[in-house]
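Good morning, and thank you for joining. I would like to take you through one structure, beginning with the fold and ending with the packing and the chain contact.

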Amino acid sequence: MMGMSLNILDPNSFGEPMAKYKVEVTYKPGVLDAEGKATLSALKTLGFNVSDVKSSKTYVIDCSCDEKKIDEMCRKLLSNPIIQNYSILKL
Amino acid sequence: MKRICIMRVAGTNRDYDTHEILSYLGAASEVVHMNEFIRGRKSLLDYDAFIFPGGFSYGDRIRSGAIWAKQLIYKLSSDFRKIADEGRPILGICNGMQVVVEAGLIPGLRGISEYPEAAMGVNASSKFECRWVYLKNFSRGNCLFTKNIPRGAVMRVPVAHGEGRFLLPKEEENELLRTLDRNDQVVFRYCDEDGGVAEGNYPMNPNGAFSDIAGVCNPDGNVLAFMPHAEDACFSHQHPDWTRKGLKGEMAGILIFKSLLSHLK
């Protein structure tokens with residue numbers, strides 16, 4: 001009940017309820033991940049027995065929209081399909 | 001007189017250098033903030049050519065050039081499409097190249113694409129590459145920005161970028177390269193001092209760009225995405241050897257701007 005009344009007061013809530021999504025953008029296999037490469041080298045320097053490091057960029061998005069809209073955000077801005085992949089997780 | 005718009009946003013820093021060169025050449029150029037167009041105080045349609053200069057637009061957040069590119073597409077949509085479709089010259093230098101690639105103007109095989117069809121990857125060296133390199137002009141005449149540059153000419157120009165690696169979709173890169181070559185869209189390739197193509201070798205190719213591509217245009221030749229800083233290679237006093245070699249006068253980079261002005265005449 002509580003959540004329902006809050007949603008009614010929130011002008012952004014019409015249509016879809018407010019939700020939190022985690023978007024993770026990674027480099028496609030074979031595309032140079034400079035951050036990962038540098039981190040791998042730095043960890044090795046510190047004596048850690050690490051064989052590979054991949055970096056990714058994470059966006060946590062609060063939005064009164066469905067996952068389809070988040071997917072559109074990924075395609076339009078957050079990733080470049082030529083070199084990057086993305087995944088969406090509803091929190 | 002034809003008007004040239006040098007567009008800027010937060011983080012652009014090569015705008016006034018570009019303006020200086022065009023003023024020296026007697027052109028009517030104006031540095032205009034993108035917001036002037038978004039707020040409707042100025043219109044893109046009032047300008048005859050556009051330059052997206054170098055810099056770090058929006059702090060290179062998300063990907064270099066991505067935010068500016070999407071603003072152009074979604075905020076100035078119809079006018080931006082119109083100037084590109086009408087064949088008005090558009091030059092993207094360094095960060096400007098990242099912008100025109102992210103905006104879907106390059107390679108532009110089917111007009112402006114909804115999503116990027118190429119990418120500017122992180123340099124293969126993982127470093128910010130800031131030094132002088134050699135380029136060879138491969139244009140057969142399609143690109144208007146090479147009108148005053150002899151075919152096969154070797155130019156020395158500086159680069160200063162962290163994400164300058166021009167990439168096409170891996171699975172179809174060779175087929176796309178054949179198309180670009182056939183369309184006369186590959187304008188400049190990184191090379192050695194004598195014009196021998198870098199063939200991916202570092203340091204001649206400073207960023208690992210696919211097929212050594214340093215400059216690439218759209219099929220109509222009116223949009224050039226150019227990674228090195230042409231505006232920093234226009235006069236002998238900008239050249240690292242200008243006292244050692246006693247260089248005088250203008251340098252090769254100025255030919256790109258002269259080509260634009262020849263086209264606009």
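Let me begin with chain B, whose secondary structure consists of seven helices and eleven strands. Please keep in mind that this is a predicted model.

On overall dimensions, the C-alpha atoms of chain B occupy a box of roughly 50 × 45 × 35 Å along the principal axes. A compact globule of 265 residues would have a radius of gyration near 18 Å, and the 17 Å of chain B agrees with that. Of those 265 residues, 51% count as buried.

In which order do the nine strands of the open sheet in chain B run? The order is β2-β1-β3-β4-β11-β10-β9-β6-β7, and the pairing is mixed. At the edges stand β2 (28-33) and β7 (154-161) of chain B; each has a single partner strand, so one side of each lacks a neighbour in the sheet. Neighbouring strands of this sheet are turned against each other by 20° on average, direction ignored.

Next, the packing. The largest nonpolar core has 79 residues, and those touching the most other members are Phe50(B), Met97(B), Val100(B), Leu135(B), Val216(B), Leu224(B) and Phe226(B). Which residues does Leu224(B) contact, leaving aside its neighbours within four places in sequence? They are Leu91(B), Cys143(B), Phe145(B), Val187(B), Gly215(B) and Cys217(B). There is also a second, separate core of five residues, which includes Tyr21(A), Val23(A), Ile70(A) and Leu78(A).

That brings me to the contact between the two chains, to which chain A gives 14 residues and chain B gives 15 residues. On the side of chain A, the elements that contribute two or more residues are α2 (34-45) and α3 (67-78). The largest share, four residues, comes from α3(A). By class, this side of chain A has nine nonpolar, two polar and three charged residues.

Thank you for your attention; I would welcome your comments.

Definitions and conventions: Residues are numbered from 1 along each chain as its sequence is written. Chains are lettered from A and ligands numbered from 1 in the order in which they are written. This is a predicted model: local features need pLDDT of at least 70, side-chain atom pairs count only at pLDDT 80 or more; totals for chains, interfaces and linings use all residues. The radius of gyration is taken over C-alpha atoms; the globule rule is 2.2 Å times the number of residues to the power 0.38. A residue is buried if 20 or more other C-beta atoms lie within 10 Å of its own, exposed if 12 or fewer, and partly exposed in between; C-beta atoms are placed from the backbone. Two residues are in contact if their C-beta atoms, placed from the backbone, lie within 7 Å. Ala, Val, Leu, Ile, Met, Phe, Trp, Tyr, Cys and Pro count as nonpolar, Asp, Glu, Lys and Arg as charged, and the others, Gly among them, as polar. Two strands pair if DSSP finds at least two bridges between them. Axes are lines fitted to C-alpha atoms, for helices over the stretch in contact, and angles run from 0 to 180 degrees between N-to-C directions. A nonpolar core is a set of buried Ala, Val, Leu, Ile, Met, Phe, Trp, Tyr and Cys residues joined through C-beta atoms within 7 Å.
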